[in-house]
Amino acid sequence: MSKITILSEIKRDKPFNEKLPKINSKEFDKVIKSRRSIRVFTNEIIPNDIIKKSLDNSLKAPTSSNLQTWEIYWIKSKNIKKKVIEACLSQPAAKTAKELFVFVSRPDYWKRNNQMMLDYLNSKKNPPVGVLKYYSKITKLAYNQGFMNIFGFLKKIYVSIVGLYRVIPREPTSFSDMKVWSQKTTALACQNFMLSMRAYGYDTCPMEGFDSFRLKKILKLPKKAQICMTIGAGKRDPSGVYGKQFRFDNSMFIKEV
Ligand SMILES: Cc1cc2nc3c(=O)[nH]c(=O)nc-3n(C[C@H](O)[C@H](O)[C@H](O)COP(=O)(O)O)c2cc1C
């Protein structure tokens, strides 16, 4: 096996210059600092365009190999909403939420999306050779775990031996690794969504207090799909802020090495 190329190593034939907008960092800080997990929402309706913009913003999150192995269920049906609330243990953040969203990671979609990426690249006049190679060879090696994880197991042995002598990407080599891989990407979409809602004057509460088995059944999701978070959204009711934001001291977590 030759040296494994990662996406960021692939050089473009032509430089691409993206215009950078001016950013008001103070406003950004305000968004970060005022985002709280809100447990009680008012009855105020969230305008559709704000929801759509925030959903769009959520899908602008970075995603591993740009494979976008995520799905967002915007719960619109009253009947499904009732069931989702129950599956979320009827917690107040779900019960009072004006809108409910279920963010789902789909590690099983890597192959489909990889093919979509190849189709997209091949539809271009001069697809970049390095990127084409990445999606036709490298991702297939990286994300394929094979029948009964046999290929993943062989990869694990390979990386353990070769890794003794040189730097090598070690995961994913199992479906569990694939779940973690896809959950990371989906969690970033969740955060984009919550910050976007905040920036537009609305609030959210991420929830993992739910019955994943029932929730998957309600949404007709296959076994390999993983619920990342359920997010309740709406206008915050002052009683929905349960206290001052508390974090342990930064020095415990930020290591300068
Ligand atoms: C993955 C995840 C799962 C969470 N699950 C719940 C939940 O089920 N119910 C809830 O009320 N809050 C939930 N929270 C919110 C946290 O309790 C909250 O983020 C934390 O207490 C810090 O408060 P803050 O978000 O206001 O800063 C969850 C947060 C995360 C990131």
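Gly is counted here among the polar residues, Cys, Met, Pro and Ala among the nonpolar ones, and Glu and Arg among the charged ones. On this basis, the shell around the ligand in this predicted model has 5 nonpolar, 4 polar and 3 charged residues. The ligand is surrounded by Arg-36, Ser-37 and Arg-39, by Gln-91 and Ala-93, by the run Cys-205, Pro-206, Met-207, Glu-208 and Gly-209, and by Met-229 and Gln-245. Strand E3, residues 203-207, supplies the largest share of this shell, with 3 residues.

Strand E3 is also largely enclosed by the rest of the structure, because 4 of its 5 residues are buried. Strands E3 and E4 run antiparallel and are joined by 5 bridges. Within this pairing, Cys-205 stands opposite Gly-232 of E4. In a regular strand, side chains alternate between the two faces of the sheet.

The protein chain is divided into two domains. Domain 1 takes in residues 36-109 and 176-239, whereas domain 2 covers 111-162. Taken over C-alpha atoms, the centres of domain 1 and domain 2 are separated by 29 Å. The contact between them takes 6 residues from domain 1 and 6 residues from domain 2. On the side of domain 1 that touches domain 2, there are 3 nonpolar and 3 polar residues, and no charged residues.

In soluble globular proteins, nonpolar side chains tend to be buried together. The largest nonpolar core of the model has 36 residues, of which Val-84, Val-102, Phe-103, Cys-190 and Ile-231 touch the most other members. Two or more residues of this core come from each of several elements: strands E1 (70-75), E2 (99-105), E3 and E4 (226-234), and helices H3 (78-87), H4 (92-95), H8 (175-199) and H9 (212-218). Once neighbours within four places in sequence are left aside, Ile-231 is in contact with Phe-101, Phe-103, Cys-190, Phe-193, Met-194, Thr-204, Cys-205 and Pro-206. A second, separate core of 6 residues includes Leu-67, Ala-142, Tyr-143 and Met-178.

Several backbone features were also noted. Most residues other than glycine have a negative phi, and most peptide bonds are trans. Glu-171 and Pro-172 are joined by a cis peptide bond, with omega about 5°. Pro-172 is found in the loop between helix H7 (150-162) and H8. Asn-66, a residue other than glycine, has a positive phi near 55°. The loop that holds Asn-66 lies between helix H2 (48-58) and E1. With 15 other C-beta atoms within 10 Å, Asn-66 is partly exposed. Leu-89 likewise has a positive phi, near 60°, and lies in the loop between H3 and H4. Leu-89 is classed as exposed because 12 other C-beta atoms lie within 10 Å, and the cut-off for this class is 12 or fewer.

Glu-27 is part of helix H1, residues 25-34. With 9 other C-beta atoms within 10 Å, Glu-27 is exposed. Although Glu-27 and Ala-199 are 172 residues apart along the chain, 8.7 Å separate their C-alpha atoms.

Terms used. Residues are numbered from 1 along each chain as its sequence is written. This is a predicted model: local features need pLDDT of at least 70, side-chain atom pairs count only at pLDDT 80 or more; totals for chains, interfaces and linings use all residues. A residue is near a molecule or strand if its C-beta atom, placed from the backbone, lies within 6 Å of it. Domain bounds come from an automatic or database domain assignment. Two residues are in contact if their C-beta atoms, placed from the backbone, lie within 7 Å. A nonpolar core is a set of buried Ala, Val, Leu, Ile, Met, Phe, Trp, Tyr and Cys residues joined through C-beta atoms within 7 Å. A residue is buried if 20 or more other C-beta atoms lie within 10 Å of its own, exposed if 12 or fewer, and partly exposed in between; C-beta atoms are placed from the backbone. Two strands pair if DSSP finds at least two bridges between them.
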